[in-house]
Amino acid sequence: MHFFIKLTKKRKILFIIFSVLTLFLICFIFSNSLKNGADSSEDSEKVSKIVANLVNFIFNTKYTAADVGGTVRTFAHFSEFAALSFCFSYTIRLISEKMKK
């Protein structure tokens, strides 16, 4: 970890923050993956009801949780992995830019 010594204080702090955040996201994704189907569906149903109510309020429509459930699950998976990709790539970028010089 000799590269860590060469980093500025700001980069060290950012590196630690994004490393911890990356590990947290990995644990979060794995914990969601380990849930059984009933628990996962229950969580999705709760979020789908909130989203359906919000969409109905904003656009004056009559969507149900079942109508938006697939979209909510797809967006949830996309956002989890997008956040993980961003955090991981930024963590690597923090150290790789300094190593180039």
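1. The place of phenylalanine 57 is in helix α3, where a helix is a DSSP run of H or I with at least four residues, numbered from the N terminus. Phenylalanine 57 counts as exposed because its relative accessibility is 72%; on this scale buried means under 20% relative accessible area, exposed over 50%, and partly exposed in between, with a 1.4 Å probe and protein chains only.

2. A word on the basis of these remarks: this is a predicted model, in which local features need pLDDT of at least 70 and side-chain atom pairs count only at pLDDT 80 or more, while totals for chains, interfaces and linings use all residues. Residues are numbered from 1 along each chain as its sequence is written, and side-chain values use heavy atoms, with hydrogens and water left out.

3. Phenylalanine 57 also belongs to a nonpolar surface patch of about 510 Å², which it makes together with Leu54, Ile58 and Phe59. Such patches take residues with over 30% relative accessible area and no salt bridge, nonpolar side chains (Val, Leu, Ile, Met, Phe, Trp, Tyr) being joined within 5 Å and like charges within 9 Å. The areas come from the Shrake-Rupley method with a 1.4 Å probe, and for residues only the protein chains shown count as cover.

4. Asparagine 60 lies in the loop between α3 and α4, and its phi is near 55 degrees, a positive value in a residue other than glycine. With a relative accessibility of 70%, asparagine 60 counts as exposed.

5. The count of salt bridges comes to 2, a salt bridge being a side-chain nitrogen of Lys or Arg within 4 Å of a carboxyl oxygen of Asp or Glu. In one of them the side chains of lysine 35 and aspartate 43 meet at 2.4 Å, N to O; lysine 35 is partly exposed at 35% relative accessibility, and aspartate 43 is partly exposed at 29%.

6. Glutamate 42 and lysine 46 also meet in a salt bridge through their side chains, at 3.7 Å, N to O. Because these residues are 4 apart in helix α3, about one helical turn separates glutamate 42 and lysine 46. Glutamate 42 counts as partly exposed at 44% relative accessibility, and lysine 46 is likewise partly exposed, with a relative accessible area of 48%.

7. The largest pocket has a volume of about 440 Å³, and of the 18 residues that line it, the closest to its centre are Asn32, Ser44, Ala76, His77 and Glu80. A pocket is here an open set of points on a 1 Å grid over the protein atoms alone, where a 1.4 Å probe fits, with protein on both sides within 12 Å along at least five of seven lines, and lining residues have an atom within 4 Å of a point. The volume is the space filled by probe spheres set on the points, which are joined across faces, edges and corners.

8. As to the lining of the largest pocket, α2 (9-33), α3 (37-59) and α4 (65-100) each supply at least two residues, and α4 gives the most, with 8 residues. The lining residues divide into 8 nonpolar, 6 polar and 4 charged.

9. Two further residues of helix α4 deserve a remark. Phenylalanine 75 is found in α4 and counts as exposed at 55% relative accessibility. Serine 96 is also found in α4 and counts as partly exposed at 27% relative accessibility; serine 96 and glycine 69 are 27 residues apart in sequence and 40 Å apart in space, C-alpha to C-alpha.

How values were computed. Ala, Val, Leu, Ile, Met, Phe, Trp, Tyr, Cys and Pro count as nonpolar, Asp, Glu, Lys and Arg as charged, and the others, Gly among them, as polar.
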